[in-house]
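Where do the strands of this protein pair up, and where is space left between its atoms? Keep the structure in view and follow along, one region at a time.

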Amino acid sequence: MCGIVGYVGGQSALDVVVAGLKRLEYRGYDSSGVAVLADGGLAAGKKAGKLVNLEKELVGRPLPAGATGIGHTRWATHGGPTDANAHPHLDNAGRVAVVHNGIIENFAVLRDELAERGHELVSETDTEVVAHLLAESFSSCGDLAESMRLVCRRLEGAFTLVAVHADEPDVVVGARRNSPLVVGVGGGEAFLASDVAAFIAHTRSAIELGQDQVVELRRDEGGSGGVGGAAGVSVTVTDFHGAPAEVRSYRIDWDASAAEKGGYDYFMLKEIAEQPKAVADTLLGRIDSGGSLTLDEVRIPDSVLREVDKVVVVACGTAFHAGMIAKLAIEHWTRIPCETELASEFRYRDPILDSRTLVIAISQSGETMDTLMALRHAREQGAKVLAICNTNGSTISRESDAVLYTHAGPEVAVASTKAFLTQLVACYLVALYLAQVRGSKWGDEVRGVVRELSAISGEVERVLETMEPVRELARSLARKNTVLFLGRHVGYPVALEGALKLKELAYMHAEGFAAGELKHGPIALIEDDLPVVVVVPSPRGRSVLHDKIVSNMQEIRARGARTIVIAEEGDEAVVPYADHLIRIPATPTLLQPLVSTVPLQVFACELATARGNEVDQPRNLAKSVTVE
Ligand code: M6R
């Protein structure tokens with residue numbers, strides 16, 4: 001939520017910052033703004049709406065050229081998406097500018113204090129207090145990094161802050177608590193950003209920042225480079241009390257083109273198309289020459305995994321749906337009881353956890369606050385936490401006992417697609433690994449599933465090649481108000497995922513149900529010509545499940561529903577009850593979501609396009625939800 005960029009170097013700060021914001025716009029697009037240090041002063045511009053509005057504003061009212069600057073793209077929390085509430089926020093003298101991601105919980109008290117001391121605050125945001133507090137501190141200590149430390153010690157809540165001061169034209173300062181901020185360094189320049197995508201076009205050398213740390217980037221011709229700095233620029237990291245902090249440098253392993261649309265109209269289309277590779281990449285290096293699993297990065301000893309007597313999966317949104325499928329795989333392959341819980345609910349019910357509980361936290365961004373809080377709670381109770389995460393160096397991956405990275409590459413579209421499929425792969429890997437370590441499956445059985453999993457990437461490719469009829473169908477339904485989704489077993493989370501995609505992209509009433517629940521109430525929703533998507537389990541798995549869903553199809557068709565049936569090739573029993581039939585390759589029962597989800601992603605994307613909606617940036621949403 002909210003994208004932040006800071007820059008010190010030799011190029012036009014405005015160009016670098018605006019280009020960085022373009023790459024971070026997926027984080028929020030309610031408003032945007034920039035500030036540049038130039039000619040001994042500070043110049044800022046900001047505008048409500050998408051970044052393009054700011055760009056137009058800057059053409060009409062150009063800022064002076066400078067090589068130090070900050071920028072922000074906003075997902076509104078405190079105060080509506082207006083020009084006045086857009087970041088950066090300035091102090092009354094216009095010498096300090098600050099951008100912020102997160103929520104400052106004690107802002108009201110701080111604002112009242114500032115008002116008493118004569119400060120005039122002009123926005124409804126929680127952020128503005130920081131600009132005024134920084135200005136006050138700077139006037140006594142004359143050092144922006146020290147001012148930031150002093151101010152951060154007074155703040156409650158979660159925040160990433162990045163600030164500049166006109167009296168320190170070569171300096172950008174950042175701070176973080178429970179909200180993301182990474183440093184990029186190279187070629188005499190340094191960057192601060194919510195996500196490496198903002199500076200990947202300039203450097204692939206990054207530095208992770210820990211919790212409660214302040215970082216100073218300083219143009220430093222001929223200087224030493226500081227901690228992790230480079231010639232021409234120094235990077236200094238401390239805690240909130242000024243003690244030097246240890247930092248970890250790392251190399252970003254994807255290049256700038258990975259964060260480009262690559263000829264597609266939308267990132268979502270590109271990311272859907274990348275799924276076969278993402279699935280294959282997530283398996284890479286995790287299968288040994290004998291076909292068994294080697295999850296070296298899972299640093300939880302096998303002896304501990306053998307003692308696990310309960311697994312709890314915590315996640316939000318799409319990642320939660322992956323977690324629901326993980327439960328079925330874990331329980332089936334390992335016979336360990338497994339619960340999957342919405343991360344936002346988890347800690348508030350006082351869950352029963354101990355050292356024999358394995359908690360699996362699934363998150364694409366690795367920054368989702370609800371999931372982070374859930375895993376912290378789990379660790380406090382003595383449970384071991386394994387993260388399944390797509391973002392190297394993210395808070396969730398750093399705070400877990402172990403991480404299994406999904407290798408989806410950057411996912412930019414707000415609607416999650418390739419991250420979901422790779423989360424599923426990672427969940428299957430964890431489930432099979434537990435089965436391997438505990439001996440709940442024979443070695444040849446594990447190797448058999450691993451072989452089937454390895455073949456899935458090709459099957460996803462095949463599904464993608466047959467999507468034109470799905471697109472056509474989606475366009476024909478553009479004027480409908482409601483679509484329902486039904487599934488059973490692994491098809492139920494897929495139904496929920498299909499409905500979530502349609503809600504967030506097409507802004508339609510879309511609901512997913514366990515097909516068996518229909519007769520307990522939701523069947524009353526069925527009316528003439530209502531589209532109902534039915535995800536049919538493999539008839540080669542538990543035939544009773546298949547037979548039951550065929551009955552459910554008959555029940556809804558008898559009441560006028562228009563059935564859109566997703567069924568595997570060769571399943572002829574569904575044909576009489578399908579108004580539209582979408583074929584998917586036959587896969588083992590538990591692995592079916594890897595192929596059955598794909599048509600639903602394409603369906604939602606096309607329907608949203610037909611309704612004239614913004615596919616990559618749906619209204620009211622942000623990709624990375626860093627507030628609770
Ligand atoms: O980054 P995370 O995987 O933790 O994000 C969790 C959800 O916010 C996310 O999956 C969300 O539901 C997607 N926009 C759905 O497409």
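**Sheets, spaces and a charged pair**

Start with an open sheet of six strands, in the order β5-β6-β7-β8-β12-β13, with antiparallel pairing. Its edge strands are β5 (89-90) and β13 (232-239), and each of these pairs on one side only. The model you are looking at is predicted.

Strands of a sheet are held in pairs by backbone hydrogen bonds, either parallel or antiparallel.

Now move to another sheet. Five strands form it, in the order β16-β15-β17-β18-β19. This sheet is open too, and its pairing is parallel. β16 (338-342) and β19 (402-405) stand at the edges with a single partner strand each, so one side of each has no neighbour in the sheet. On average, neighbouring strands here are turned by 20 degrees against each other, direction ignored.

Look inside this sheet at β17 and β18 (residues 384-389). They pair in the parallel sense over six bridges.

Helix α13 (residues 418-438) supplies the largest share of the lining, three residues. What classes do the lining residues fall into? Eight are nonpolar, with no polar and no charged ones.

Next come the pockets. The largest pocket holds about 910 Å³ of space. Where does it lie? Domain 1 (3-257) and domain 2 (261-464) both give residues to its lining, so the pocket lies between them. Its lining has 44 residues, with W254, N390, T391, G409 and P410 nearest the centre. β14 (248-251) and α7 (275-283) each supply at least two lining residues. α7 gives the most, with three. The lining is made up of 16 nonpolar, 13 polar and 15 charged residues.

The second largest pocket has a volume of about 570 Å³. Around it are 25 lining residues, and C316, G317, T318, K623 and V625 lie nearest its centre. Two or more lining residues come from each of α9 (317-334), β17 (357-363), α11 (369-380) and α16 (491-506). The largest share, three residues, is from α9. By class, this lining has ten nonpolar, twelve polar and three charged residues.

Last, turn to charge. Side chains of opposite charge can pair when their charged atoms come close. The count for this model comes to 38 salt bridges. One of them joins the side chains of R248 and E208, at 2.5 Å from N to O. R248 sits in strand β14 and E208 in strand β11 (residues 205-208). The two residues are 40 apart, and their pair links distant parts of the chain.

How values were computed. Residues are numbered from 1 along each chain as its sequence is written. This is a predicted model: local features need pLDDT of at least 70, side-chain atom pairs count only at pLDDT 80 or more; totals for chains, interfaces and linings use all residues. Side-chain values use heavy atoms; hydrogens and water are left out. On a 1 Å grid over the protein atoms alone, a cavity is a set of points where a 1.4 Å probe fits but cannot get out, and a pocket is an open set with protein on both sides within 12 Å along at least five of seven lines; lining residues have an atom within 4 Å of a point. Grid points are joined across faces, edges and corners, and a volume is the space filled by probe spheres set on the points. Helices (H or I, at least four residues) and strands (E, at least two) are DSSP runs, numbered from the N terminus. Ala, Val, Leu, Ile, Met, Phe, Trp, Tyr, Cys and Pro count as nonpolar, Asp, Glu, Lys and Arg as charged, and the others, Gly among them, as polar. Domain bounds come from an automatic or database domain assignment. Two strands pair if DSSP finds at least two bridges between them. Axes are lines fitted to C-alpha atoms, for helices over the stretch in contact, and angles run from 0 to 180 degrees between N-to-C directions. A salt bridge is a side-chain nitrogen of Lys or Arg within 4 Å of a carboxyl oxygen of Asp or Glu.
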